[in-house]
Amino acid sequence: MKDQLPALIIIIPLSIATLTPLIAFFSSKLLRGVVICGLFATNFCSIGILMRVLNEGTWRYRFGGWEPPWGIEYFIDSL
């Protein structure tokens, strides 16, 4: 699961944004809780990535396993 942290930083906010209208239809209090949990989850993923980069150096993450000319690649460093 730790190898998928860069993808989770994108997937978590997008899934919450997709579910927001549906959740808001039922309860605004529940919506606040879901959004705050999503923010914390994204923050924890970012901290996990930072810890890995500080311990191991730069990290290249390829989405879907495609090579850079055809696929998307994250090059994550300490900055």
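By buried I mean under 20% relative accessible area, with exposed being over 50% and partly exposed in between, using a 1.4 Å probe and protein chains only. Strands here are DSSP runs of E with at least two residues, helices are runs of H or I with at least four, and both are numbered from the N terminus.

Before I go on, the ground rules. This is a predicted model, so to speak of local features we need pLDDT of at least 70, side-chain atom pairs count only at pLDDT 80 or more, and totals for chains, interfaces and linings use all residues. Residues are numbered from 1 along each chain as its sequence is written, and side-chain values use heavy atoms, with hydrogens and water left out.

Back to S1. What does S1 pair with? That's strand S2, residues 73-76: the two run antiparallel and 4 bridges join them, where pairing needs at least two DSSP bridges between the strands. Trp59, for example, has Ile76 in S2 as its bridge partner.

The C-alpha trace spans about 45 × 30 × 20 Å along its principal axes.

Of the 79 residues, 22% are buried. The accessible surface is about 6100 Å², and carbon and sulfur atoms account for 69% of that; the areas are Shrake-Rupley, again with a 1.4 Å probe, and for residues only the protein chains shown count as cover. As for contacts, meaning heavy atoms within 4.5 Å, take those between residues at least 6 apart in sequence: 52% of them join residues at least 24 apart.

Now some residues in helix H1, which covers residues 5-26. Is Ile16 buried or exposed? Ile16 is buried, with a relative accessible area of 17%. Setting aside neighbours within four places in sequence, Ile16 is in contact with Val34, Val35 and Gly38. Its C-alpha is 9.8 Å from that of Cys37, which sits 21 residues away along the chain.

Ile9, also in H1, is partly exposed at 27% relative accessible area. Not counting residues up to four places away, Ile9 touches Thr42, Cys45, Ser46 and Ile49. Between Ile9 and Gly64 there are 15 Å, C-alpha to C-alpha, and they're 55 residues apart along the chain.

Then there's Thr20, another residue of H1, which counts as partly exposed at 24% relative accessibility. Thr20 and Arg32 are 12 residues apart in sequence, with 9.6 Å between their C-alpha atoms.

That's my tour.
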